[in-house]
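Q: Hey, can you walk me through this one? I've never looked at it before.

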Amino acid sequence: MKSKPKVAFFDFACCEGCQLQVANMGELLLEVLEIVDIVEFREIMSEKWDGQFDIAFVEGSITDEHATERVKKIRERSKILVALGSCATIGGVNGMKNSFPLEEVRRYVYGEFHKFFPTVETKAVHQVVKVDYFIHGCPIYQPEFLTVLKCILQGIPYYVPEYPVCVECKLNENVCMYDRGLSCMGPVTKAGCNSWCINNGNICYGCRGLTVNPNTEGFKEVLRKHNIPEDFLIKKIEMYNKCKELDK
Amino acid sequence: MENVPFVLTKLPSKSIMFYCIFSHMKTEQYKIIEKYLIKEFVNRLFPISKVVAPVYKGFGNYVFEEIKSEENVTFKYIPTILPPKKYLLPKKETILEFKKNQELIIQPVVEYENLILFGVHTCDIAGFKCLNKVMSDTPKDVSFLLRKEHIVIIGIECNDYCDQYASCAFVGAHLPTTGYDLMFTELNDIFIVHVHSSKGTNIVEKTGLFKPATDAHIKELRELREKKAKIFYNEIPTERRYIPDLFDRSWNASVWKELEEKCLSCGNCTAVCPTCYCFDIAEEVDLTLKSGKRFRIWFSCQLDPFAKVAGGIDFRKERSARQRHRFYRKFRYHVDRFGMIFCTGCGRCSRTCMAGINLKEVLISLIKESEAKIWRKWL
Ligand code: SF4
Ligand code: SF4
Ligand code: SF4
Ligand code: SF4
Ligand code: SF4
C-alpha cells in the first residue's frame with residue numbers, strides 16, 4: 001500500500017488554539033490518522049521529523065527575523081503548506097502591533113530589555129512564503145479544517161466562500177443580532193464557519209477577516225442607524241485585518 | 001393551468017375578482033371547528049405525520065419548525081425568518097451519492113417525507129405556487145414534485161396585516177384562493193375551514209373535530225372578506241397590470257445607484273424570499289475519501305461569486321446590477337416566462353434588510369421617476 005502522507009504542525013506567534021482545535025477533534029482525529037501520518041505536532045507528541053513533509057500546517061503570524069527564516073525552511077521542506085487560523089492567514093490579532101511604531105511596541109512589552117528583542121512588523125504567512133491553502137478563523141472551525149484536509153488529499157483547490165457570514169447565519173435561521181439590539185460583524189466577514197458564533201448565541205467578531213469586496217461604507221451607515229460610532233467599526237476591522245495593508 | 005390570482009393577462013378589476021371568489025363559496029366545501037378545539041386539532045395531527053408549524057424565537061422572530069406538542073405553536077405570527085419553502089426546496093439537499101471501491105457506483109437521491117405544514121399564511125402559499133410553476137416546467141424537478149406530493153398544507157388566513165412591510169394585497173396574495181389542502185379562517189366564535197383537496201378531507205376525517213358549516217357561517221365569512229377589503233389596501237400606488245411597463249422604463253432608474261451604496265450584498269433578502277430558487281452544487285467526500293454526496297445548496301444573485309464565470313469575469317459585478325436583477329426577477333422576467341409576478345408581498349426582504357432597503361419604497365420610487373419621465377415626454 002502507498003504510504004500515508006506525512007503531516008506536520010508548526011506554530012509561530014499565536015495562542016496555539018487552532019492546533020488545539022485539531023487535537024480536540026476526538027474520535028474524528030482517529031479517522032484522520034487512518035489517512036495521514038502525523039510526524040510532528042508539538043501539542044500532542046514529542047517526536048520530531050527531519051525529512052520532507054507532504055503537508056505542513058503553519059499556525060501563527062510572522063513577527064521577527066527568526067520566524068521569517070524558520071517559516072522559509074518549513075516551506076522548503078513541504079510539498080503543501082497550509083496557513084492554519086487567522087494569525088497565519090490574515091495576521092490576526094497580532095496585526096494590531098502594526099498600528100504602533102515598532103520601537104514603542106518593543107519598549108511597551110520588554111521594558112528595559114527591549115534592545116535584546118528585535119522585531120519586524122507582523123505578517124501573515126503568505127506575506128513571507130507561498131501558501132497553498134487557507135483555513136481562516138480564530139480559532140479555526142473543525143468541519144472546515146476537515147474539508148480543507150480532504151481537498152488537499154484529493155488534490156483539488158479549496159475555495160474560501162466569497163460572501164459574508166450572514167449567508168450562513170440566515171440559512172441557520174438565527175434571530176439576527178441587530179434584532180436583539182447587538183452589533184455583529186457578520187455582514188462584512190468572510191463566511192466558512194457556518195456562523196458558528198451566532199448559532200451559539202454570540203455575535204460575530206469578524207475573526208475570519210473581511211469578506212471580498214465588503215461594503216464598509218454601507219455598513220457604517222447601518223451602524224450609524226443603530227447609534228454605533230464609526231470608530232467602533234474601524235477598531236473592530238483593525239483587530240483582525242491590520243496586516244491586509246501589507247498585501248497592497 | 002392553476003387558477004392563480006395574480007396571472008397578469010386580462011386581469012379582472014378588483015371588485016369583480018372579489019365577486020368571483022365569493023360566488024364560488026359552496027357551503028358543503030366548508031367545515032367549522034370550535035376555537036377551544038384548535039389545540040386538540042394540532043395534537044391529533046401528530047399520529048398522522050411529522051408536523052411543522054410557526055414557533056416564536058424571541059425578538060419578534062418566528063420560524064417554521066417541527067413541533068412535538070401544540071404548546072409551541074403560535075397561531076398569530078408575522079412571516080417567519082425563512083419561508084416554509086425550506087420544506088419544498090431544502091436548504092441543503094442531497095441529490096447524489098457515490099462510492100468508489102473497485103468500480104464507481106453513482107446513485108441519484110430524492111429526499112422526501114410525509115409532512116403536515118400547519119399555519120401557512122396565504123402569501124407563503126402564493127410562494128409555493130410560484131415555485132410549483134417553475135419546477136413543473138421542463139425539465140421537471142422530480143425531487144421538488146415528489147416532496148410536494150407528500151406535504152399537506154394547512155393554511156391560516158390573515159384577517160389583518162402582519163406588519164407595515166407586507167404588500168400582499170398588491171399581488172392579491174392576502175386572500176386564500178388555491179394551493180392549500182385546508183384553510184382556516186377565524187370568525188367570531190369558530191374557525192371556518194375550507195376543505196380544498198382529498199388530502200384535506202383525509203385530515204378532517206382523521207382528526208374528527210369538525211362540524212359542517214351552515215349558510216350562516218358562510219354569510220359571516222363573506223362579511224369578514226368584505227371587512228378585509230377595507231383593511232387591506234393596494235400598498236403600491238399602481239396596478240399590477242402596469243408593472244411590466246413600469247419595469248420596461250426603469251432599467252436606468254436612479255434608485256439602482258442608491259442601492260449600490262446601501263446594499264451590503266449579504267444575501268439576506270434572497271435567502272428569505274419565498275420565490276427565490278437559485279442554488280449551487282457542492283460535493284463532500286467522507287474521511288475514507290471513497291464515498292461521498294453531492295448537494296444542492298441555496299445560493300443568491302446578491303453574492304459576489306454568483307455571476308462569476310471562467311476567467312474570473314463577473315457579469316454582474318456592481319451591487320446595483322445585482323439589486324436590479326433581484327427586482328426584475330420578481331416583477332418583470334417571470335411575467336413573460338410564466339405570466340406571474342414572483343413576489344408574494346410577504347415583506348420578508350424588507351424586514352430582514354439591515355441596510356433598510358425596502359421593497360415598497362423601491363417600487364414607489366420607480367413609479368415616481370417613471371411618471372416624471374412620461375410627463376416630460378408629453379410637455
Ligand atoms: S446575526 Fe450577524 S451574521 Fe447573522 S444575519 Fe445578523 S448581522 Fe448577519
Ligand atoms: S461567526 Fe464570526 S467570529 Fe465567529 S467564527 Fe465565524 S467569523 Fe469568526
Ligand atoms: S438584505 Fe439588504 S443589504 Fe443584504 S443583500 Fe439584500 S438588499 Fe442588500
Ligand atoms: S421579494 Fe420580498 S416581499 Fe416579495 S416575495 Fe420575496 S421576500 Fe417577499
Ligand atoms: S404578507 Fe399578507 S398574507 Fe402574508 S402574513 Fe402578512 S398579512 Fe398575511
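Q: Which hand does the crossing of H9(A) and H10(A) have?
A: H9(A) passes H10(A) in a right-handed crossing. Helices here are DSSP runs of H or I with at least four residues, strands are E runs of at least two, and both are numbered from the N terminus.

Q: Before we go on, what am I looking at?
A: This is a predicted model, where local features need pLDDT of at least 70 and side-chain atom pairs need 80 or more, while totals for chains, interfaces and linings use all residues. Residues count from 1 along each chain as its sequence is written, chains are lettered from A and ligands numbered from 1 in the order written, and side-chain values use heavy atoms, with hydrogens and water left out.

Q: Back to that pair, then. At what angle do H9(A) and H10(A) pack?
A: About 130 degrees, and their axes are 9 Å apart. Axes are lines fitted to C-alpha atoms, for helices over the stretch in contact, with angles from 0 to 180 degrees between N-to-C directions.

Q: Which residues of H9(A) and H10(A) make the contact?
A: On H9(A) they are A:Thr216, A:Phe219, A:Lys220, A:Leu223 and A:Arg224, and on H10(A) they are A:Glu230, A:Phe232, A:Leu233, A:Ile234 and A:Ile237. Contact means heavy atoms within 4.5 Å. By class, the contact of H9(A) with H10(A) has six nonpolar, one polar and three charged residues. Nonpolar here is Ala, Val, Leu, Ile, Met, Phe, Trp, Tyr, Cys and Pro, charged is Asp, Glu, Lys and Arg, and the others, Gly among them, are polar.

Q: What do the side chains of A:Lys220 and A:Glu230 do?
A: They meet in a salt bridge, 3.6 Å from N to O. The rule for one is a side-chain nitrogen of Lys or Arg within 4 Å of a carboxyl oxygen of Asp or Glu. A:Lys220 is in H9 (residues 216-225) and A:Glu230 in H10 (residues 230-241) of chain A, so the pair ties together parts 10 residues apart in sequence.

Q: How many salt bridges are there over all chains?
A: The count comes to 39. Between chain A and chain B it is two. A:Glu173 makes a salt bridge with B:Lys86, with the closest N and O atoms 2.6 Å apart.

Q: OK, new topic. How much area is buried between chain A and chain B?
A: About 2800 Å², and carbon and sulfur atoms give 63% of that. Buried area is the accessible area (1.4 Å probe) that two parts lose on being put together, summed over both. In chain A, A:Lys170, A:Leu171 and A:Glu173 lose the most area to chain B, together 26% of what that side buries. The contact takes 30 residues from chain A and 38 from chain B.

Q: What about chain B: how do H8(B) and H10(B) cross?
A: At roughly 120 degrees, with the axes of H8 (residues 254-262) and H10 (residues 319-331) of chain B coming within 7 Å. That makes H8(B) oblique to H10(B). The crossing of H8(B) past H10(B) is right-handed.

Q: And which hand for H3(B) passing H4(B)?
A: Left-handed. H3 (residues 122-136) and H4 (residues 142-149) of chain B pack at about 135 degrees, with axes 9 Å apart.

Q: Last one: where is B:Pro139?
A: B:Pro139 sits in the loop between H3 and H4 of chain B. A cis peptide bond joins B:Thr138 to B:Pro139, with omega about -5 degrees. In chain A, the peptide bond from A:Cys138 to A:Pro139 is cis, with omega near 5 degrees.

Key
A crossing is left-handed if the near helix is turned anticlockwise from the far one by less than a right angle, and right-handed if clockwise. Angles under 35 degrees count as roughly parallel, over 145 as roughly antiparallel, 65 to 115 as roughly perpendicular and the rest as oblique.
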